[in-house]
Amino acid sequence: PPGLGIHSGNRYTGNFVFHQPQSVFNVPWDRRVQTSFMFGYLLFILFCLLFWMCCILNPLLWFIYIPYVLFVKFIDRAPANGGRPCKTIIHSKFWTKFASYFPASVVFQDDWYAESNKKDKYMFALHPH
């Protein structure tokens, strides 16, 4: 609607704000690698979900599904321990590129950490949508 004004880098025409054209060829190589690793991770999740559905829907594959459900229900302590961190995966190239796809940083706006007791570790986070 009118009244939005002109933003830097945008041109205002009529009722729409158009962004400057960006070429696919201007994307840096590192960002392309990060995106491909992210896409591979999403495909892996899709493959796992499809395999899980096949195991549930096919009674011949319940010999895989039932022991897994029993393991998760009675033996697995990963949710209480915060997961199953594997040093090999954490230090791999895949993990570093995957983590750099979502850049995050800690911003201190006060000296609350310097003034607080060092054994009391609190972090306040905001994830806007």
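Gln34 is a buried residue, with a relative accessible area of 7%, where buried stands for under 20% relative accessible area, exposed for over 50% and partly exposed for what lies in between, computed with a 1.4 Å probe on protein chains only. The model is a predicted one, in which local features need pLDDT of at least 70 and side-chain atom pairs count only at pLDDT 80 or more, whereas totals for chains, interfaces and linings use all residues. Residues are numbered from 1 along each chain as its sequence is written, and side-chain values use heavy atoms, with hydrogens and water left out.

**Overall fold**

The protein chain has six helices and two strands, and its elements follow the order β-β-α-α-α-α-α-α from the N terminus; helices (H or I, at least four residues) and strands (E, at least two) are DSSP runs numbered from the N terminus. Of the 129 residues in the protein chain, 7% are buried. Where contacts in the protein chain join residues at least 6 apart in sequence, 32% of them join residues at least 24 apart, a contact being heavy atoms within 4.5 Å.

Gln34 lies in helix H1, and beyond residues up to four places away in sequence it touches Lys97, Ser100 and Tyr101. The side chains of Gln34 and Ser100 are joined by a polar contact of 2.9 Å, a term that covers a pair of N or O atoms within 3.5 Å, of which, within protein, one must be able to donate a hydrogen and the other to accept it, while residues adjacent in sequence count only if both atoms are side-chain atoms. Lys97, placed in helix H5, is buried with a relative accessible area of 16%, and its side chain has a polar contact of 2.3 Å with that of Asp30. When residues up to four places away in sequence are not counted, Lys97 touches Asp30, Val33, Gln34 and Phe37.

Arg32 is also placed in helix H1, and at 33% relative accessibility Arg32 counts as partly exposed. Apart from neighbours within four places in sequence, Arg32 is in contact with Val24, Phe25 and Val27, and the C-alpha atoms of Arg32 and Tyr101, which are 69 residues apart along the chain, are separated by 9.8 Å.

**Aromatic pairs**

The structure holds seven aromatic pairs, a pair being rings of Phe, Tyr and Trp (its six-membered ring) whose centres lie within 6.5 Å, with planes under 30 degrees apart counted as stacked, over 60 as edge-to-face and the rest as tilted. Two of the pairs are set out here.

| Pair | Centre to centre | Angle between planes | Class |
|---|---|---|---|
| Phe37 and Phe94 | 5.3 Å | 85° | edge-to-face |
| Phe94 and Phe98 | 5.9 Å | 15° | stacked |

Phe37 counts as partly exposed at 23% relative accessibility, and Phe94 counts as partly exposed at 30%, whereas Phe98 is buried with a relative accessible area of 14%. Phe94 and Phe98 are separated by about one helical turn, because they are four residues apart in helix H5. Ring pairs also extend to a cluster made up of Phe37, Tyr41, Phe94, Trp95, Phe98, Tyr101 and Phe102.

**The second largest pocket**

The second largest pocket has a volume of about 160 Å³, and its lining consists of Tyr41, Phe44, Arg84, Pro85, Cys86, Ile89, Ile90, Phe94, Trp95 and Phe98. On a 1 Å grid over the protein atoms alone, a pocket is an open set of points where a 1.4 Å probe fits, with protein on both sides within 12 Å along at least five of seven lines, and lining residues have an atom within 4 Å of a point; grid points are joined across faces, edges and corners, and the volume is the space filled by probe spheres set on the points. The elements giving two or more residues to this lining are H1, helix H4 (87-90) and H5, and H5 gives the most, with three residues. By class, the lining has nine nonpolar, no polar and one charged residues, where Ala, Val, Leu, Ile, Met, Phe, Trp, Tyr, Cys and Pro count as nonpolar, Asp, Glu, Lys and Arg as charged, and the others, Gly among them, as polar.
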